[in-house]
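Colleague: I would like to learn how to read strands and sheets in a model. Could you take me through it step by step?

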Amino acid sequence: MVKSLEQTELLARLADEKLRADALAAELEAMRRLPSWQAIEFFRLRGHKAQKLARAFRRIAIFILRLVPSYSLRKQFDDVQLAVLKKQIIESKLFDPNWYAENYAGVGDDPAAHFLHIGAGVGHDPGPLFESKWYQKTNPGIGGRNPLLHYLDEGAKQGRLGWSMQRAIRMQRPYFKDTKRALLVLKEANQHRPFPVLRTGQSVCVYASSEGNSFFKHLQGMVCSGLQQAGVDAKTADETSGAANCSATPIILAPHEFFTLGAGVKLQKSPAFSSAVCINTEQIQTPWFSRAFPYLARAAGVLDFNVQGAAVLADLGIPAKFLTPGYLGGDPVLDLQESLPKEGSTQSFGPAVFAPPPARHASLAERPIDILFVGANTARREQFFAAAAPVLADKVCVLHLTDMSRPVPEGGGQGMSALAYAGLSQRSKIQLNIHQGVLPYFEWHRMVLHGFWHQTAVVSETGFHTPGYEPGIHYFEDELAKLPAMLDWLLRSEDGQMELEKVSMAAFDALRSAAGMQQVLCDVFQIGGASDAQ
Amino acid sequence: MPNKLEAPHTPVFSYAANEQAQATTTVIVPLYNYADTIYEALDSVMAQTVTGLSLVVVDDCSTDASLARCEGWMQHNAQRFVKTRLVSHHHNIGLSSARNTGFCIANTPFVFTLDADNVLYPRCIERCEQALRDKNTAFVYTLLEMFGGSTSLLNTQLWDRSRLARGNYIDAMALIRKTAWQKVGGYAPMEHGWEDFDLWCSFAEQGWHGVRVPEILGRYRVHHTSMLQSQTNRPAALRQSAKILKRRHSWLNLQH
């Protein structure tokens, strides 16, 4: 009985894909018939100088096409093709028919058709997130092609951004500091949209790319441990494991890596992973989030480490919850590291740093390192550290800035292993947080996992808040320019040192007393019938 | 000691503290027409937290007030160091030779190469000495603060021979094991400031490595005018230097 149902489903899917392929072929053919395209093709075959000419010609062609907006996209779509494309853009969660009708005049009673036939051609956005004109401007090679369709078919896979930084900020602005509002939005959304649940005893696989960031592997282990403690038969797996082993919906951590690295590419269209639970760690304005988005859009549910990000996903109609990782005892990485690994990133340290760290509740004064910073090397951060150098010079610092243009595999060359990072955090008085770029996210990994968890005092640049932790009580926060003076005060004055102790203990207590990892996962997946606040 | 690396020179200033005093590191400063920055450089050496420190300045026939200023400074401050020497090359020979002369004069296990237009933060040498332990470590370098033009950092990357093969990414300012310098035959005569790159490559060929200290303990002065000048000479000159380096180190894969 089950087999034939599966078969029917697969056949239906095959028919769907065939229709889509036909529609795309028709679109391509229509484009090829356009005089502008043919003219470009004529020049394209004539070498380098002619390419310049072709580009200029294309620019003129696009300019002209824009003047006569519906010309290039007046579709030869028939009903079947239209239906397929409408389905595609609605499922992408980037086309919102209500938003579209509210924001543009004369849309009529079929907003999706309007967008496909006319709207995209005049640069209308399909929804509050995707930016058609901006996408065209930043990807001039797409010519007269529908920007959203290009993004969905190719652009996202190539890591092209579908929206500007400004748009990413605008989507999140209501939730920057008002985390209560974000949680409310999530709660209301989840009353109308089911979120996957897990039952005790169920077997579930938690996937992460074997070629990805070492941080994600660690997180994968933590999620697995938490689920196991909650009574779920959870296992870790990677892109080579195959899909057959587990009965419950797969959980995929960092889909932007899982589906794009190594053998994971072959799983992009695999039905077994097409409606998984995705755990997203990436910020909305990054190419990694853009790469992940198509998988988030089709996911059965998304768990997001940023409450602002989770709320935005909910606003887009994607089932989402905020995942705030809770405390997990017995974690091999985060427990007290008696010995520090010897690797490139720790090679310069003397015996004082390699010695066992002070006990959990010992005074911070016993920790040999004053200031720790580990993170991606961006111009913004470099500028800060260069300017702060005179204040940092007399303090024992560990400033590890890595080139993050590729994933940093465990122990790889320029990176710092998870064990080394944890070990250094335990031996540091202050964990410093400086934002990568303009968007001031609450950096969960640095502040909670490597700050509060180790009772290391966190000093951060001002930024978004997250539920459960308050600046001034659980961590220090100030404008970038004022941070060097604050660091001086905290480390050199008596008052400052007392504040350092007080705040680091308050943060650790907050982490311990708030839900542990097991409880958090129980709540999110309603394991054992637990009811969820979100 | 390979005497051929010590260019002919005249002693200008010499001072030695009491005979019992021992130094671990000698700071060597090659000097050529940096009268306006030499005080700052030397003051920063004096402010170092290490006690067993020596100082050698090698003047490569400066035509400005560099030599006189250095001599005057040393007369005031020599007692801070175990050994203080100022020598002057007979002829202007170049940066590599000035460094080599300095190395020859130094009689400590470690040598710190400081350019006359750069500056150290006080904990620099102490922290570097701490990191120069392993017998396969030939040198130690720290994060550097660029100043005078941009605010950014140098030396953000760890030692990586395959990264080095694509081009130099480690500044000349470093604490170097004197025996390592000796073993590879010192700095080769190189144009365009690539003599440090050549040294790092020679160390790599011996199976040694550099260790990066993750603290900002030196300041690298950016000169607007000189950068502009070098830009106009860049392509041809760099190609020439690249050729020479490739001959000396066939494993290099420089992109120019």
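Colleague: In which sense do strand β9 and strand β10 of chain A pair, and over how many bridges?

Modeller: Please keep in mind that this is a predicted model. Strands count as paired if there are at least two bridges between them, and here β9 (residues 428-433) and β10 (residues 457-461) of chain A are joined by four bridges in the parallel sense. Within this pair, A:Gln431 stands opposite A:Val458 of β10(A).

Colleague: In what order do the five strands of the open sheet in chain A come?

Modeller: The order is β8-β7-β9-β10-β11, with parallel pairing. At the edges stand β8 (397-402) and β11 (476-478) of chain A, and each has a single partner strand, so one side of each is left without a neighbour in the sheet. From one strand to the next, the twist averages 20°.

Colleague: Which helix packs on the sheet, and which strands does that helix touch?

Modeller: Helix α21 of chain A, residues 494-513, packs there and touches β9, β10 and β11 of chain A, while its direction makes about 110° with that of β11(A).

Colleague: Turning to chain B, which residues of strand β9 point one way, and which the other way?

Modeller: In β9 of chain B (residues 174-177), B:Ala174 and B:Ile176 point one way, B:Leu175 and B:Arg177 point the other way, and all are buried, where buried means under 20% relative accessible area.

Conventions
Residues are numbered from 1 along each chain as its sequence is written. Chains are lettered from A and ligands numbered from 1 in the order in which they are written. This is a predicted model: local features need pLDDT of at least 70, side-chain atom pairs count only at pLDDT 80 or more; totals for chains, interfaces and linings use all residues. Side-chain values use heavy atoms; hydrogens and water are left out. Helices (H or I, at least four residues) and strands (E, at least two) are DSSP runs, numbered from the N terminus. Axes are lines fitted to C-alpha atoms, for helices over the stretch in contact, and angles run from 0 to 180 degrees between N-to-C directions. Contact means heavy atoms within 4.5 Å. Buried means under 20% relative accessible area, exposed over 50%, partly exposed in between (1.4 Å probe, protein chains only).
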